[in-house]
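The following note sets out numbered points on the structure shown below. Each point is meant to be read with the coordinates open.

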Amino acid sequence: MRYRRIGILAIVALASACNTAPGEITVSSPWTRSGLEGENSAVYFEITGGPYPDTILSATSEIAGEVMLHKSIMDEEGTMRMEHQENVPIPAGEIVKFVPGGLHVMLIGLNQDLVTGELIELKLLFDNAGEVIIHAPVKNP
Amino acid sequence: MKKLRPSVFFLLIICLLIACANVPHVFNGSPYQNPNPAPPIPLVDTSGIPFQLEDYHGKIILLYFGYTFCPDVCPSTLASVRQILGELGDSSQEVVFAMITVDPDRDSPEVLEGYLSRFHPGYIGLWGDGEELENVKQAYGVFSEIDLESDPLNYLVSHTARIFLIDKEGILRTGYSFGASNEEILSDVEYLIRGES
């Protein structure tokens, strides 16, 4: 009887763990470029999807007047255009890279200088995983 | 099978080496098949002094069209060129980087100077507006336009993101689209520095 209870508890615990699986999304290697108050910058990182697909719904930060999910796209003529992303899908188990010249979180109108070596806080809101706070070190321009 | 005599063998090796040495350098990026002198750039630098390509003959020029409000591609390019100059060490003295702003309304010479100097003290900012800027853009095949879908107060500018390579004689050799590796550009610049052309 006792072992049966432990078994049921174990199954419940396992099920709970599975429910929190979307939270296993990880954000790694964040960084941003230094800049002066009033200027723009961008935040880059890598996201590794969890066992289930998820979606970044928004990015927010106190560091800039406007924070947007963007993607730089080059056309056949070599012209770079910026495309606002309403959201960014993160497929299960896949790595989605936010890199210069590609996906990035755009910081428009910095509220303060971004000084090399300091950290800025950025909040990413995922559809399933909820809010994930990242701290991105500021690198040289 | 008849064996080659050692002297014939070495002669063949030497011929092969000479042949290899004479293979013309093929520039990376999108090289110009019939390279011509780089089109004039009748703009001013951030001190208001008229810029003349002739003043830089003897130097290799990396030329870029961008703007300081650009949050992603331009700063990435400026940082990449800084890395390239770092790789060159002392030879970087033979290389000049210049950025022509495609956003002259917001990029005053002062703004341009302040921005570029934070990437590299040697970067040259070039400014002009109206017809003079349009003529330069057209001559280099550069396109730019304000992104009307972006915030009118904080508008973005879509633009050709290409680095042009001009040799020591002022000949426009090639252009690198965004995404070209530092190694590709470095290889061409080092070739021009060696002066084998």
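1. In chain B, six strands form an open sheet with mixed pairing, in the order β1-β4-β3-β2-β7-β8. Helices (H or I, at least four residues) and strands (E, at least two) are DSSP runs numbered from the N terminus, and two strands pair if DSSP finds at least two bridges between them. The edges are held by β1 (44-45) and β8 of chain B; each has a single partner strand, so one side of each is left without a neighbour in the sheet.

2. This is a predicted model, in which local features need pLDDT of at least 70 and side-chain atom pairs count only at pLDDT 80 or more, while totals for chains, interfaces and linings use all residues. Residues are numbered from 1 along each chain as its sequence is written, and chains are lettered from A and ligands numbered from 1 in the order in which they are written.

3. Which strands pair with β2(B), and in which sense? Strand β7(B) runs antiparallel to β2(B) and is joined to it by four bridges. Within this pairing, Y64(B) has I163(B) as its bridge partner, and L63(B) stands opposite F164(B). Strand β3(B) pairs with β2(B) in the parallel sense over seven bridges, and there V95(B) is the bridge partner of I60(B). The chain passes from β2(B) through α2(B) to β3(B) in a right-handed β-α-β crossover; right-handed means that, with the strands pointing away from the viewer, the path from the first strand over the helix to the second runs clockwise.

4. The expected span is 1.5 Å times one less than the number of residues. The buried residues of α2(B) include V73(B), L78(B), V81(B), I84(B) and L85(B). After the helix comes G89(B), with a positive phi near 60°.

5. Helix α5 (residues 182-194) of chain B has 13 residues and should span 18 Å, and its end C-alpha atoms are 18 Å apart, which agrees. Its buried residues are I185(B), D188(B), V189(B) and L192(B). Seen down the axis of α5(B), they fall within an arc of 95°, so they line one face of the helix; the arc is that of the directions from the helix axis to the C-beta atoms. An α-helix has 3.6 residues a turn, so residues three or four places apart point the same way. The cover over the buried residues of α5(B) includes β2 (60-66), α2, β3 (95-101), β7 (162-166) and β8 (172-177) of chain B. Turned away from the buried side are the exposed residues E183(B) and R194(B). Just after the helix, G195(B) takes a positive phi of about 70°.

6. Chain A has one helix and ten strands. Of its 141 residues, 34% count as buried. Among its contacts (C-beta atoms, placed from the backbone, within 7 Å) between residues at least 6 apart in sequence, 70% join residues at least 24 apart.

7. Most residues other than glycine have a negative phi, and most peptide bonds are trans. S29(A), in strand β1 (residues 26-33) of chain A, has a positive phi near 50°. S29(A) is exposed, with 12 other C-beta atoms within 10 Å.

8. How many residues does each chain bring to the contact between them? Chain B gives 21 residues and chain A gives 21 residues. On the side of chain B that touches chain A, α2 (73-88), α3 (109-119) and β6 (157-160) of chain B each supply at least two residues, and α2(B) has the largest share, four residues. That side of chain B divides into ten nonpolar, seven polar and four charged residues; Ala, Val, Leu, Ile, Met, Phe, Trp, Tyr, Cys and Pro count as nonpolar, Asp, Glu, Lys and Arg as charged, and the others, Gly among them, as polar.

9. Strand pairing also links the chains. Strand β5 (residues 79-84) of chain A pairs with β6(B) in the antiparallel sense over two bridges, and T79(A) stands opposite T160(B).

Key:
Contact = placed C-beta atoms within 7 Å. Buried ≥ 20, exposed ≤ 12 C-beta atoms within 10 Å, placed from the backbone.
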